[in-house]
Amino acid sequence: MSKKVSKQTGCIFCNGGPLSKEHIWAKWAHQIIPSSPFSTIKSVSGDIISEAKKINKDQRRQGGTKNITTGRICMKCNSGWMSRLENEIKNTFSPLIQGHPVKLERHDLSKIFRYVCVKVCVIDSRDKLPALDKNFVQAIYSETDAPGRIQIYLSKTETSDWGSGLKSYSTGYKPASDERITIASYTWGLGKLLIHILYCSSKKIEVEVCHPGLINILAQITSKKELNWPPSYVFTANDADYVAQSLAILHRAGFPV
Ligand SMILES: [Zn+2]
């Protein structure tokens with residue numbers, strides 16, 4: 001069975017309403033994320049997902065992610081737990097966006113992990129063909145064990161091209177006598193921070209960033225006890241583009257087999 005375009009109409013987290021139209025980034029982040037001429041680009045591989053053929057063209061948007069809004073979150077979630085999450089994260093996350101030195105302890109890293117997961121759920125919900133499984137989004141909301149795997153990597157960048165940019169790529173396949181598997185990546189520039197997110201709907205599969213040299217430079221936050229920010233290597237625009245395309249490159253090379 002092919003994946004259907006989402007018909008869910010309630011809040012992506014609690015399924016309730018009424019829904020409110022909000023900027024993806026809260027006010028505190030809005031003030032420190034630069035505007036960018038860079039577009040938001042979404043690519044879906046059309047050979048496996050039949051619906052993807054309809055939206056296979058890259059979706060481009062001026063102004064980067066800063067101006068993106070979503071209408072898929074209810075007022076209660078937005079002014080409740082999500083607002084508390086924003087308040088809890090801003091002092092930890094602001095130095096990363098601004099490129100200021102900071103030492104992140106394990107509890108800071110787990111806060112960042114949850115925050116990025118929530119943001120990815122919100123961004124993904126804007127798509128006609130969301131990559132994230134509904135049950136995965138529910139698990140992020142209820143802070144229970146998520147069906148699927150998400151890996152988050154951070155790096156520093158100073159290229160204005162990525163100051164407020166997002167590139168995403170997703171693909172899906174169905175192994176014989178098994179559930180359908182979706183793999184997606186999101187590469188996200190926020191000021192001087194570059195975030196690379198890999199999602200797989202199955203825990204049985206470990207997707208890797210394809211360039212072996214990059215794995216040592218990108219900081220995977222789940223595997224760290226602490227992180228001294230910023231890292232010494234600063235990503236160029238080319239590095240960032242390469243990371244953004246890495247899942248597509250891996251897929252063209254025949255992964256997963
Ligand atoms: Zn809600």
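**Packing of helices α3 and α4**

In this predicted model, helix α3 (residues 81-98) packs against helix α4 (residues 106-124) at an angle of about 120°, and their axes lie 10 Å apart. Axes are lines fitted to C-alpha atoms over the stretch in contact, and angles run from 0 to 180 degrees between N-to-C directions. Helices are DSSP runs of H or I with at least four residues, strands are runs of E with at least two, and both are numbered from the N terminus. The angle makes α3 oblique to α4, because angles under 35 degrees count as roughly parallel, over 145 as roughly antiparallel, 65 to 115 as roughly perpendicular and the rest as oblique.

From α3, the contact is made by Leu-85, Glu-88, Ile-89, Thr-92 and Phe-93. From α4 come Asp-108, Lys-111, Ile-112, Tyr-115 and Val-118. Two residues are in contact if their C-beta atoms, placed from the backbone, lie within 7 Å.

The largest nonpolar core has 55 residues. Such a core is a set of buried Ala, Val, Leu, Ile, Met, Phe, Trp, Tyr and Cys residues joined through C-beta atoms within 7 Å. A residue is buried if 20 or more other C-beta atoms lie within 10 Å of its own. Helix α4 gives this core its largest share, 9 residues. Cys-121, Ile-195 and Ile-197 have the most contacts inside the core. Beyond its neighbours within four places in sequence, Cys-121 touches Ile-12, Leu-132, Val-137 and Ile-140.

The protein chain has 7 helices and 11 strands. Of its 257 residues, 36% count as buried.

Residues are numbered from 1 along each chain as its sequence is written. In this predicted model, local features need pLDDT of at least 70, side-chain atom pairs count only at pLDDT 80 or more, and totals for chains, interfaces and linings use all residues.

Technical notes. A residue is buried if 20 or more other C-beta atoms lie within 10 Å of its own, exposed if 12 or fewer, and partly exposed in between; C-beta atoms are placed from the backbone.
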